[in-house]
Amino acid sequence: MKTILKSLAVACALSTSAGAMANNQSQTQERYVYDVQTISEQQASFATPQAFITTELIRGWILDGAKSAIKGGVKDFLKGMLFGNEPTGPQIVRLHEEDLQRIEQLVSGVVITDAVYALKSDLAAFGTTFDYYQDSLNGTNFDSAILASLLQYVNSLQHHRAYDSSYNSNAYALTSSYSTMATLNLAVLTERHVKGFLSASYVKYQAGQMADKLSQLGNLVNTRSAGLGGVRMIGSRCWDIRDFSELKSAELHTDQISDSSDTEIMPMAPVDCIYIASFPGKSSRFFNASQMGDIQAEEAAFEWLMQMRAEYRTEVKGADFDEVVSKLRSL
C-alpha cells in the first residue's frame with residue numbers, strides 16, 4: 001500500500017555575511033529546493049505501509065520538521081503534515097489510543113482512569129480541530145481563529161491532570177503519551193511562530209519546559225521498574241553452598257530472598273539449589289546453582305532480571321524517549 005508522506009518542513013541556510021546578501025538569497029533558494037528534494041526522496045525510500053507508521057515515527061518527523069522550520073523561516077508548517085493516507089488528526093488519535101491499550105496490558109494497575117478518558121477526549125477534539133485547520137489552509141479563506149483553538153487544546157493537554165503524579169498515581173505509565181503531547185504542542189507553537197505570532201526563543205523555552213516534565217515522568221518509570229521482580233532461592237542444597245549471612249552481604253534484597261525455613265516446609269522443594277528470577281507478566285526463569293555454580297547462577301538470574309526491567313522501561317517510556325528529550329532541548 002503506497003504511503004503519501006508530505007514534507008513536515010524545510011531547512012534553509014541563512015548566511016550572516018552582510019556583504020553578500022544577494023548571493024545569500026540565491027544560495028538560500030537553491031538550498032530550499034535541495035532540501036525539499038532530499039526530504040521527498042527520503043520519504044519515498046521509506047515506502048512505509050500505513051500499518052507501520054508509529055507514534056515514534058510521527059514524533060521524530062514533527063521534531064525534525066519543527067527544528068528545520070524555525071531555522072529556515074518557512075511560512076507554513078502544519079499545512080503539509082500528513083502521515084499516511086488518512087487525515088492526520090484521526091491518525092494521531094488512533095495511534096495514541098493503541099499506545100494506551102498496549103501500556104495498560106503491560107503495567108500492573110488501571111492506567112485508563114477517568115482522568116485519562118478526559119485526556120483522550122481532549123485529544124480527539126484536538127484531532128478534529130487539526131483537520132479543520134489543515135482544510136482552512138488549503139482553502140481560499142484562512143481562519144486564523146482555528147490556530148488559536150489548537151493552542152488552547154495543546155496547552156490543556158500539556159498540563160493535563162492525567163500527567164500529574166500527585167493526582168494520578170499511574171502518571172508514570174503515560175510517559176510515552178506525554179512525548180506525543182509534547183511534540184503536538186511543539187507543532188502548534190512552531191506554526192504560530194512561522195505565522196509571526198510567537199518568537200523562536202519562546203518556542204524553544206516551552207520545548208525545554210516539556211523536556212523537563214518528560215524527564216520527570218521518565219524518572220518515575222525508572223523508580224517503578226527498579227522495584228519490579230526479584231530473585232529468590234529454593235532447594236535443599238542451597239544452604240550447603242552458601243551461608244544465609246553471605247547472601248545478605250551479596251546485596252540480595254531481603255524481600256527477594258527465600259527464608260531458609262522455606263525449604264523445610266515446602267513439600268516439593270527440589271533436591272538441588274535453584275535461583276528463581278521473576279518479573280510481572282513474564283514466565284519465571286530457573287538457574288541451577290548445583291550445576292552452574294552458585295555465583296554463576298546468581299549472576300545469570302540477576303542479569304535476566306535487569307534485562308526485563310530495561311525492556312519494561314523502554315516499553316513504558318517509548319523507544320525514542322531519550323531522542324525526544326534531546327530534540328526538545330536542542331531546537
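1. R102 is partly exposed, with a relative accessible area of 27%; buried here means under 20% relative accessible area, exposed means over 50%, and partly exposed lies in between, with a 1.4 Å probe and protein chains only. This is a predicted model, in which local features need pLDDT of at least 70 and side-chain atom pairs count only at pLDDT 80 or more, whereas totals for chains, interfaces and linings use all residues. Residues are numbered from 1 along each chain as its sequence is written, and side-chain values use heavy atoms, with hydrogens and water left out.

2. The side chain of R102 meets that of E315 in a salt bridge at 2.8 Å, N to O, the term standing for a side-chain nitrogen of Lys or Arg within 4 Å of a carboxyl oxygen of Asp or Glu. R102 belongs to helix α3 (residues 88-106) and E315 to helix α12, so the pair ties together parts that are 213 residues apart in sequence. Helices (H or I, at least four residues) and strands (E, at least two) are DSSP runs, numbered from the N terminus. E315 is also partly exposed, at 37% relative accessible area.

3. Nine salt bridges are present in the structure. In one of them, the side chains of D320 and R59 meet at 2.9 Å, N to O; D320 sits in the loop between α12 (294-317) and α13 (321-329) and R59 in helix α2, so that distant parts of the chain, 261 residues apart, are linked. D320 is buried, with a relative accessible area of 8%, and R59 is buried at 1%.

4. Within helix α13, K327 and E323 form a salt bridge of 2.8 Å, N to O, and, being four residues apart, they are separated by about one helical turn. E323 counts as partly exposed, at 42% relative accessibility. Salt bridges with shared partners also join E56, R59 and D320 into one network.

5. T55 lies in helix α2 (residues 55-72) and counts as buried at 7% relative accessibility. Its side chain makes a polar contact of 2.7 Å with the side chain of D99; a polar contact is a pair of N or O atoms within 3.5 Å, where, within protein, one must be able to donate a hydrogen and the other to accept it, and residues adjacent in sequence count only if both atoms are side-chain atoms. With neighbours within four places in sequence set aside, T55 is in contact (heavy atoms within 4.5 Å) with L95, H96, D99 and T180.

6. For helix α5 (residues 144-158), the 15 residues should span 21 Å at 1.5 Å a residue, and the end C-alpha atoms are 22 Å apart, which agrees; the expected span is 1.5 Å times one less than the number of residues. I146, L147, L150, L151, V154, L157 and Q158 of α5 are buried. Seen down the helix axis, the buried residues of α5 fall within an arc of 150 degrees, so they line one face, the arc being that of the directions from the axis to the C-beta atoms. The buried residues of α5 pack against α4 (114-138), α6 (175-194) and α7 (200-226), and D143 caps the N-terminal end of α5, with a side-chain oxygen 3.0 Å from the backbone nitrogen of A145.

7. Strand β1 (residues 230-234) is mostly covered, four of its five residues being buried. It runs antiparallel to strand β2 (residues 274-278), and five bridges join the two, where pairing requires that DSSP finds at least two bridges between the strands. I234 has I274 of β2 as its bridge partner.
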